[in-house]
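Hi,

Here is the structure I promised to send over. Have a look at it first, then read on for my notes.

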Amino acid sequence: MLIEVDEGRCVGCGRCAADCVGSNLRVEAGVARVRGRCILCGHCVAVCPEEAVSIPCLDMADVEPAAPAAETIDAAALLRAIKSRRSVRDYLPRRVGDEALSLVLEAGRYTATAKNAQGCRFIVVQDGLEELKRIVWDGIDGLLELPASEAPRWTGPYRSFARDVRRDPARDFLFRNAPAALFVAAERADDAGLAAQSMELVAASAGLGALYNGYLCRAVEAIPQARAFVGADERPLQVCMLLGYPAVSYARTAPRKPGDFVVR
Ligand SMILES: Cc1cc2nc3c(=O)[nH]c(=O)nc-3n(C[C@H](O)[C@H](O)[C@H](O)COP(=O)(O)O)c2cc1C
């Protein structure tokens, strides 16, 4: 049984049945009973006031009391944090600590996914970053050596990136001087993007800076040795973020274009 209802605890309130996206639960004879298909979203666990519902195949030990609405982050404070977050392109020479990394990864893991697929792989490269740099830059050199008719069109801008880094390894447009790179592999780009946004916000709260790095993502995705090195399977790499402690601070938020909002 995917979902277990402790009949000794269940009071038949029906909240789990009312909140089930798949109409999988029904109260019969005063107790919730399970039937039908289930996407293991965990709403029945989360909504039950009696702690009567569990999903043994998931990590029940990690279930904790939800933050009451009044204790969730103040909306204006959260918006200010979003406005204050910046892409960080300059980092201190300091490793990303395990504790901060764990908070960041958990934020990705707990982010919503379509159909609750939870199909993202989160890849952190820190100890192996110098080796990844070597593989990526060698791979880019190889692509740039191809005859123009065979070189993928996207490689155009990488010619000047490669020239710069070969002249001075500190001028590395792809890796900057970040101590770590995080990749999200997933079938769906939206699942990966949402997880990345959660992770970036938690990273900023933990004092880390991040840079979404489309150029590096594309390069690693296109170089089979790099994909193998980072531990990618058949899922495409959808997101790459550099991570590290910022060597730059920002005194103000950055301006934006006027909002393109439609409200009917
Ligand atoms: C999907 C995505 C890919 C990006 N790729 C790169 C990149 O390859 N290199 C880079 O320097 N910045 C990259 N950026 C950062 C954007 O340039 C940056 O978000 C934008 O200029 C706004 O600045 P802010 O993030 O500080 O608000 C990327 C951003 C996103 C969302």
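Below is what turned up, beginning with the whole chain and ending with a few single residues.

One thing to keep in mind throughout: this is a predicted model.

**The chain as a whole**

The chain has a radius of gyration of 23 Å, whereas a compact globule of 264 residues would come out near 18 Å. If you look along the principal axes, the C-alpha trace spans about 75 × 45 × 45 Å. As for the interior, buried residues account for 35% of the 264 residues.

**Around the ligand**

Which side chains put a polar atom by a ligand oxygen? Ser87 is one of them, with a side-chain N or O atom 2.5 Å from an oxygen atom of the ligand. Arg256 has a side-chain N or O atom 2.8 Å from a ligand oxygen, and for Asn213 the distance from a polar side-chain atom to a ligand oxygen is 3.2 Å. On its own the ligand has 620 Å² of accessible area, and the protein covers 59% of that.

Strand 2 (residues 25-28) and strand 3 (residues 31-34) pair in the antiparallel sense, with four bridges between them. Glu28 has Val31 of strand 3 as its bridge partner. Two residues sit between the strands of this hairpin, and Ala29 takes a positive phi near 50 degrees there.

Glu51 has a phi near 50 degrees; you'll find Glu51 in the loop between helix 2 (43-47) and strand 4 (53-54). With a relative accessibility of 64%, Glu51 counts as exposed. Gln118 also has a positive phi, near 50 degrees, and belongs to the loop between helix 4 (98-109) and strand 5 (121-125). Gln118 counts as partly exposed, at 46% relative accessibility.

Is Ala18 buried or exposed? Ala18, in helix 1 (residues 15-19), is exposed because its relative accessible area is 72%, over the 50% cut-off. Its C-alpha atom is 9.8 Å from that of Val47, which is 29 residues away along the chain.

Ile135 is part of helix 5 (residues 129-145). A relative accessible area of 12% is under the 20% cut-off, so Ile135 counts as buried. Between the C-alpha atoms of Ile135 and Arg80 there are 39 Å, with the two residues 55 apart along the chain.

Then there is Arg235, in the loop between helix 9 (224-230) and strand 8 (237-244). Arg235 is buried too, because 15% relative accessible area is under 20%. The side chain of Arg235 makes a polar contact of 2.8 Å with the side chain of Asp233.

That's everything from my side.

Cheers

How values were computed: Residues numbered from 1 in each chain as written. Predicted model: local features only at pLDDT ≥ 70, side-chain atom pairs only at ≥ 80, totals over all residues. Heavy atoms only, no water. Polar contact = N/O pair within 3.5 Å; in protein donor to acceptor, adjacent residues only side chain to side chain. Areas by Shrake-Rupley, 256 points an atom, 1.4 Å probe, with all protein chains shown as cover. Pairing = 2+ DSSP bridges. Rg over C-alpha atoms; globule rule 2.2 N^0.38 Å. Buried < 20%, exposed > 50% of the residue type's maximum accessible area, 1.4 Å probe, protein only.
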